[in-house]
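Have the sequence and the 3D view side by side as you read. Each paragraph takes up one part of the fold.

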Amino acid sequence: MDYARYVVQPGDSIYKIAKAYKVEMSDIIHLNHLKHPDRIYPGQVLLLPTLEFSEPIPGEIPEPNFTYAMLLYEAYAGKHSELSSVTTYLYQAVVLDRPEFDALLRPIAYDELRHLEQLAWCIRFLGVDPRYSAFDKGLWVDWRSRYLNYTTELCTMLNYNMEDERAASRHYSELAVKIPIPEIQAILNQLSAEEEGHYQCFSQAKMLFCSSETGVSEAAEIQ
């Protein structure tokens with residue numbers, strides 16, 4: 001089944017949209033993974049099942065803006081995203097509960113929070129609602145706390161963080177190539193450089209706390 005993208009207008013309801021475009025309410029609810037279909041709001045993007053629309057419907061987002069926004073959503077609020085990074089690093093700072101780790105993790109968490117805001121601006125610039133979710137297999141999937149990495153062993157934690165930051169740096173560089181909009185490219189290249197900087201910070205922490213007998217012993221004492 002094909003689908004069209006519709007931007008909710010003031011006064012809309014699922015019933016009114018379904019009636020206007022001759023589709024079933026249940027199809028709209030299922031396709032958009034709506035837990036509370038009575039709570040749609042202006043600016044929200046809905047997918048409408050369609051086999052016969054030949055003209056753009058009112059409120060439809062033109063390509064390629066919608067496609068570009070979809071590319072950003074995973075980095076914004078998907079499983080491996082800025083939202084996941086912010087919450088993960090703050091969790092780690094609380095669990096480790098040591099000044100040296102607090103000084104490492106909190107500044108990076110605040111950087112990721114700024115990244116989250118910058119991605120929200122990019123998505124909104126493209127005319128799409130920056131909701132905390134990602135587009136997966138035709139459905140919106142809300143961000144979930146289970147995306148967090150709850151590892152508490154220090155050296156394993158640092159390894160995961162390094163892997164995530166290096167992957168994020170590469171991903172932003174790739175997105176900057178795929179989205180040929182100068183304002184957004186500048187932000188994505190900046191994010192790529194900052195994620196690489198985070199990788200270096202975690203790498204240095206690993207060398208300090210996990211690469212010597214003293215570091216291994218100290219890491220063990222945290223548990």
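Asparagine 65 is partly exposed, because its relative accessible area is 27%, and that figure falls between the 20% limit for buried and the 50% limit for exposed. Keep in mind that this is a predicted model. Asparagine 65 belongs to helix α3. Along the chain, asparagine 65 and leucine 126 are 61 residues apart, yet 5.4 Å separates their C-alpha atoms.

Now step back to the whole chain. How many helices and strands does the secondary structure come to? There are eight helices and four strands. Follow them along the sequence and the pattern reads β-α-α-β-α-α-α-β-β-α-α-α. The chain has 223 residues, and 44% of them are buried. Contacts also reach across the sequence. Take the contacts between residues at least 6 apart in sequence: 72% of these join residues at least 24 apart.

Return to helix α3, which spans residues 65-77. Helix α3 packs against α6. The two axes lie 11 Å apart, and the angle between them is about 175°. Angles over 145 degrees count as roughly antiparallel, and therefore α3 and α6 are roughly antiparallel to each other. Which residues of α3 and α6 meet? From α3 come Tyr68, Leu71, Leu72 and Ala75. From α6 come His171, Tyr172, Leu175 and Lys178. Sorted by type, the residues of this contact are six nonpolar, one polar and one charged.

Tyrosine 172 sits in helix α6. Is tyrosine 172 buried or exposed? Its relative accessible area is 2%, so tyrosine 172 is buried, since buried means under 20%. Leave out residues up to four places away in sequence, and tyrosine 172 touches Ala75, Glu82, Leu119, Leu188, Leu191, Ser192 and Glu195. Tyrosine 172 and asparagine 189 are 17 residues apart along the chain, and their C-alpha atoms are 6.6 Å apart.

Helix α6 also takes part in a covalent link. A search of the whole structure finds one disulfide. Cysteine 155 and cysteine 210 are its partners, with 2.1 Å from S to S. Cysteine 155 lies in helix α6, residues 154-178, while cysteine 210 lies in helix α7, residues 182-210. The pair therefore ties together parts that are 55 residues apart in sequence. Why is the disulfide left-handed? The torsion about the S-S bond of cysteine 155 and cysteine 210 is about -105°, so the disulfide is left-handed. Cysteine 155 is buried, at a relative accessible area of 15%. Cysteine 210 is buried too, with a value of 15%.

Cysteine 122 has a relative accessibility of 0%, so it counts as buried. Cysteine 201 is partly exposed, because its relative accessible area is 34%.

Next, the aromatic rings. Rings pair if their centres lie within 6.5 Å, and by this rule the count comes to eight aromatic pairs. Elsewhere in the view, find Tyr73, Tyr76 and Tyr132, which form one aromatic cluster.

Finish with two loops. Where does lysine 22 lie? Lysine 22 is in the loop between α1 (14-20) and α2 (25-31). Lysine 22 is not a glycine, yet it has a positive phi of about 55°. Its relative accessibility is 73%, so lysine 22 counts as exposed.

Histidine 33 comes from the loop between α2 and β2 (45-50). Histidine 33 also has a positive phi, about 55°, although it is not a glycine. Histidine 33 is partly exposed, because its relative accessible area is 35%.

Conventions:
Residues numbered from 1 in each chain as written. Predicted model: local features only at pLDDT ≥ 70, side-chain atom pairs only at ≥ 80, totals over all residues. Heavy atoms only, no water. Disulfide = S-S within 2.5 Å. Buried < 20%, exposed > 50% of the residue type's maximum accessible area, 1.4 Å probe, protein only. Axes fitted to C-alpha atoms, helices over the stretch in contact; angles between N-to-C directions. Parallel < 35°, antiparallel > 145°, perpendicular 65-115°, else oblique. Contact = heavy atoms within 4.5 Å. Nonpolar A, V, L, I, M, F, W, Y, C, P; charged D, E, K, R; others polar. Phe/Tyr/Trp six-rings, centres within 6.5 Å; stacked < 30°, edge-to-face > 60°.
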